[in-house]
Amino acid sequence: MARGALFGGSAGLLAGAGLAALVLTSPSQAGTEAMSSTAAITAGQVAASVAGQAGRWGTAPNLADLVEQVSPSVVQIVVRSPNRGSAGVPDAFRGSPFGEFFRRSLPDGNQELPDSFGSGSGFIVDRDGHIVTNNHVVENAKSVTVQFADGREETAEVIGTDPKTDLAVIKINSKNLPAPLAWGDSDNARPGDNVFAMGSPFGLGNTVTAGIVSARGRTTGGSYDDFIQVDAPINRGNSGGPLFNEKGQVIGVNSQILSPSGGNIGIGFSIPSKLAQSIVGQIIKTGTVERGWLGVGIQPVTPEIAKSLGVDTHGAMVFKIDDGGPAAAAGIKEGDIILSFGATKVDTLTDLTIAVAESKPGSTQDVKVLRQGREKTIKVKIKELQDPDAAPKQLASASRGSGSDDATVTLSGLGLDLSNDDGAVVSDVRVNSPAFDEGLRPGDKVLMVNQTPVSSAEAVKKAVDDAARQKREAVLLQVQRGDGNTMFVGVPFSEG
């Protein structure tokens, strides 16, 4: 049984690198022509340097030749930023006995504190001096300095950032740069594949760690997450550094770690090169990132929802249509299950989110939906996403409405009581009942049952009883809470 259909969250994620950054992060349409014409270390050049090895480095684990090839192009990034506690007393000491010490030490009580310094990693991607790193490494920077493995230092400027994917591009104007690194195909990375990472954990430049791909398609709470999970040790300061495959190609940009203690426990997250390369290409070309917009709120098709509809499918279920959006204009409806978008099969929400984001605004895409048990293809003209922070909100908690009709309708098979209060409103939910397990709470208003609108508690009961007579395993409810947000919830019938 699915949990968290209405509620969710994540915690314990650390940025792999800004010295004190906590991150809960998150691609976009390609602009990779800006990258393709540049010189790079090719897979063939690197392969030639390891031709004497007996086989894959998993069985001949000498990485020295690969590291020697790529390490000059991996840099440490030192960032100077305003001190967040610049209003006299540092935030950490406000309200403590040490606060008085700071007030006495700073005569006017509002003296600016010294700037703070942080460290991260990056790598060169073209002969023009563009360097890829994480957004959280250079965010709010007053100055950025790049340090090379040979000790040379260069001042860099921030060309552009993309907080949604935690990527940034900086640039140095310098001669005799090391050869840029070559992008690899992250789609070919499989769990168990050998990888190695380079960066500057805790300021220790050009540190090499090795491991395997642990998993693919990880999300940590961002709208555009599609991380590669690795067990190669990644620590603070590694953020923005490259993740290499066995050919010395960059297949990821190290971004986060999962760590209760703040140190490496073997769970790191890297932005796939397929996403990173397109974002980086756009930033280099225009300084910004352009994303497509479909104008829908989506949720997973849980097993309970699939049972309630009598289908065996994945996809993304539409629970909200934005007024004036492309989906509304094309005729997509609430309750539609999106099966594919353009050439992309939609198995997860991330599949659809990324496919839409990478669509060129103004282009027309075929969207295949499942509606009332039938597949339908709808042509949608994509618009540009104007508010990158706009995302479907989860339902907030709601209190019970004050209805004038005290009559109660009981749905014992679901564990619900309903009353009539300008519609069918949940008045009680039995603890540990199917409805309770799926997140329904008093105050929720039922708008539809099995994709049929209902306007009263009695109408809900009739639709639920009909579903039971049809021997459905679950019933699909569309509910609304006090903040106006809606969501589809599949509620199974109780056993016995």
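Start by selecting arginine 291 and tyrosine 224: the charged end of the arginine sits over the tyrosine ring, 4.5 Å from its centre. The model you have open is a predicted one. For another arrangement of this kind, go to arginine 441, whose charged end lies over the ring of phenylalanine 436 at 4.0 Å from the ring centre.

**Aromatic pairs**

How many aromatic pairs does a search of the whole structure find? There are 3. Select phenylalanine 123 and tryptophan 183, which form an edge-to-face pair with 5.8 Å from centre to centre and 75° between the planes. This pair joins distant parts of the chain, 60 residues apart: phenylalanine 123 is in strand β3 (residues 116–124), and tryptophan 183 is in the loop between β7 (167–171) and β8 (194–199). Both phenylalanine 123 and tryptophan 183 are buried.

Next select phenylalanine 227 and phenylalanine 269. Their ring centres are 5.9 Å apart and their planes stand at 55°, so this pair is tilted. It too links distant parts of the chain, with phenylalanine 227 in strand β10 (residues 227–230) and phenylalanine 269 in strand β13 (residues 268–272), 42 residues apart. Phenylalanine 227 and phenylalanine 269 are buried.

**The barrel**

Now colour the strands β2 to β7. These 6 strands close into a barrel, in the order β2-β3-β4-β7-β6-β5, with antiparallel pairing. From one strand to the next the twist averages 40°.

Take strand β2 (residues 74–81) as the place to begin. Of its 8 residues, 6 are buried, so β2 is largely enclosed by the rest of the structure. On one pairing, β2 meets β3 in the antiparallel sense over 8 bridges. Select valine 78 to find its bridge partner in β3, serine 119. On another pairing, β2 is joined by 5 bridges to strand β5 (residues 143–147), and the two run antiparallel. Here glutamine 76 has glutamine 147 of β5 as its bridge partner.

Follow β3 onward to strand β4 (residues 130–133), with which it pairs in the antiparallel sense over 2 bridges. Which residue of β4 stands opposite isoleucine 124? That residue is isoleucine 131.

**Helix α9**

Select residues 349–357, which make up helix α9; Thr350, Leu352, Ile354, Ala355, Val356 and Ala357 are buried there. To see what surrounds them, show α6 (273–286) together with the strands β14 (292–293), β15 (296–300), β16 (316–321), β17 (337–341) and β18 (344–345), against which the buried residues of α9 pack.

**Nonpolar cores**

In soluble globular proteins, nonpolar side chains tend to be buried together. The largest nonpolar core in this model has 37 residues. Select Leu416, Val446, Val449, Val460 and Leu477, the residues with the most contacts inside that core. Helix α11 (residues 457–469) supplies the largest share of this core, 5 residues.

Centre the view on valine 460. Apart from its neighbours within four places in sequence, valine 460 is in contact with Leu411, Leu418, Ala424, Val446, Val449 and Val454. Finish at a second, separate core of 28 residues, where Leu66, Val70, Val169 and Val289 are among the members to select.

Key: Residues numbered from 1 in each chain as written. Predicted model: local features only at pLDDT ≥ 70, side-chain atom pairs only at ≥ 80, totals over all residues. Heavy atoms only, no water. Phe/Tyr/Trp six-rings, centres within 6.5 Å; stacked < 30°, edge-to-face > 60°. Helix = DSSP H or I, 4+ residues; strand = E, 2+ residues; numbered from the N terminus. Buried < 20%, exposed > 50% of the residue type's maximum accessible area, 1.4 Å probe, protein only. Lys NZ or Arg CZ within 6 Å of the ring centre and 35° of its normal. Contact = heavy atoms within 4.5 Å. Core = buried A, V, L, I, M, F, W, Y, C linked by side-chain atoms within 4.5 Å. Pairing = 2+ DSSP bridges. Axes fitted to C-alpha atoms, helices over the stretch in contact; angles between N-to-C directions.
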